[in-house]
Amino acid sequence: MVSISHESPHETRARLRGVLADADFEVLPGSWAYHEYPAGPVPQPSAEALALVRDAQSWSVLEPARGGEAEVFGVFAFHFPSASDNSGFVGWLAGELKERLGTGVAVLCGYNSARGGIYDYWLVPAQLLGEAQAHVRSLAAGADGGGPS
């Protein structure tokens, strides 16, 4: 369930650092890219595909990079405990990463009831993945819960 929080910016940052510290954090191996397919029948993505999204003109499949793509990403993921109030998490962490790395991010969300509900895949330029991972771990370490697993 989506939580609604009324708190100061300082309280929000402290809460979300705690959420980050309690989240399962995973860095996916390899490089990732979107591959486009014409609108129409659903394309058959690779077994490793993370997402399949469409607009009126095309399908986009996020899957391992094949080489030669214009944009290549590193990907990390968060699964949150079911009781976690993670409202505002995406906006907060995206801002933290923009400030630290100088780049925006793309975030794809899914739902897995067996692992707490909402989970996120975060995409950053592949060359910044190590810096992004280090900053995430640093933010979590400053929370009262330790760091992401």
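So, where does Phe-80 lie? It's in the loop between β5 and α2, with helices (H or I, at least four residues) and strands (E, at least two) taken as DSSP runs numbered from the N terminus.

Quick caveats: this is a predicted model, where local features need pLDDT of at least 70, side-chain atom pairs count only at pLDDT 80 or more, and totals for chains, interfaces and linings use all residues. Residues are numbered from 1 along each chain as its sequence is written, and side-chain values use heavy atoms, with hydrogens and water left out.

Back to Phe-80: at 3% relative accessibility it counts as buried, meaning under 20% relative accessible area with a 1.4 Å probe, protein chains only. Leaving aside residues up to four places away in sequence, Phe-80 touches Val-19, Ala-23, Phe-89 and Ile-118, among others; contact is heavy atoms within 4.5 Å.

The α2 and α3 axes, lines fitted to C-alpha atoms over the stretch in contact, come within 11 Å and cross at roughly 125°, with angles running from 0 to 180 degrees between N-to-C directions. Residues meeting there include Trp-92 and Leu-93 in α2, and His-135 and Leu-139 in α3.

Technical notes: Buried means under 20% relative accessible area, exposed over 50%, partly exposed in between (1.4 Å probe, protein chains only).
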